[in-house]
Each structure stands twice: as C-alpha cells, then as structure tokens.
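Trainee: Could you take a close look at one part of this model with me, the pockets? I would like to know what lines them.

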Amino acid sequence: IEAIAGSLEKLATDEVGINIVHSAVGRISESDIMLAAASNAIVVGFNVRPESSAQKLAEKENVQIRLYSIIYEIIDDVKAAMEGLLSPEVKENAQGQAEIRKIFKAPKIGKIAGCRVTQGVIKRSSKVRLVRDGIVIWEGTVASLRREKDDAAEVRGGFECGMTFVNYQDFREGDVVEAYELVEEKRTL
C-alpha cells in the first residue's frame, strides 16, 4: 500500500493534486464505497475484488471501482485522469497579414476595408487584430471576406480582397490586419 500511495502522491503538481482518503488491505467493502461516495472519490483495488454487496452499492451510489494487478497501470491511469483535469494550453498561430489600402462605403454594410494580403492567408474564420503604427487598436473576428464580387473562404498572399469586421468600422488606410487562430494543446504532467 505504501509503495502505491507514495507513487501516486509523487504525481501531484501545483495545479492538480491527489488526496488519498483511505488505504487498507483486504477486500473492498461497503464502508469503502460509502467513504468514496461521501468524499466524491474513486476506489482503487490492487489484486483484490469487491464484496458483492459493495459492488451493488457502488453501482447505486455511482462510485467507480478500478481494479488492477500491475502497479504501473494504476499510476498510468491516475496520471491520465490528472492530465484530463489540467486546463489546455492555448497557443496563437499566425496565419497571415493584409494591409488596408482603400476604404469603401456601402449603404447597408457601412465601411469595407479594401485590402491586399501581404503574407500568408486570411481566412473568414480567422481571429484578427488591427495594428496602426505598431499598436494593436482592435481585436475581433472577420464578418465577411470577399474576393472581387464573390464570398471567399480564404484569400492568399498577393491577392486583393474586401473585409468587414464584427462590430468595428474605425479602421483607416495603412492599418495592418493580422490574422491568427487560437489552438488548444493538451498538457501533460
């Protein structure tokens, strides 16, 4: 028991910890299930079986019983469960840049940014930020993206396009549109 408990406690980090509520030798009993239900815990058994009454109580109380015969399997499963509790790391991937070269006005739409994509790709689903003189003046999303007179899913470098932004029209000629996406990466211990 001490070897298993020690190995599990070593997995604890600043963000995710392990709390061993109770450890004992012998079969998994009803009192083990009631303690697990009261403390919102799982029951881990190593080379043991639960009593039939304990198994029925576990099903009734929605308590998980995990049975193992190899210590490394216990450690791997608990580690995987702990990794699932970690909040994912969010990274920003740059997609492309465009320069606003001309501003057009449309009656029902408002201002449209006439742009030339200078590098990468601008996608309709991209998050964007507007940069004026090296300072970010707005962050949001693309409302519409058009290439000539047609809607476009994306516009690649070297091409011109028209863009509108969600709830924002205070852009100027010379502003730079930076397109990016946020990607969540699963963290590990």
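Mentor: Happy to, starting with the terms. On a 1 Å grid over the protein atoms alone, a pocket is an open set of points where a 1.4 Å probe fits, with protein on both sides within 12 Å along at least five of seven lines; lining residues have an atom within 4 Å of a point. Points are joined across faces, edges and corners, and a volume is the space filled by probe spheres set on them. The model is predicted: local features need pLDDT of at least 70 and side-chain atom pairs count only at pLDDT 80 or more, while totals for chains, interfaces and linings use all residues. Residues are numbered from 1 along each chain as its sequence is written, and side-chain values use heavy atoms, with hydrogens and water left out.

The second largest pocket holds about 410 Å³ of space. Its lining has 18 residues, with F104, I112, E148, C161 and G162 nearest the centre. Two or more lining residues come from each of β3 (89-106), β4 (110-123), β6 (135-147) and β9 (160-165); strands here are DSSP runs of E, at least two residues, and helices are runs of H or I, at least four, numbered from the N terminus. β9 gives the largest share, five residues. By class, this lining has six nonpolar, four polar and eight charged residues, where Ala, Val, Leu, Ile, Met, Phe, Trp, Tyr, Cys and Pro count as nonpolar, Asp, Glu, Lys and Arg as charged, and the others, Gly among them, as polar.

For the largest pocket, the space is about 1,100 Å³, and α4 gives the largest share of the lining, six residues.
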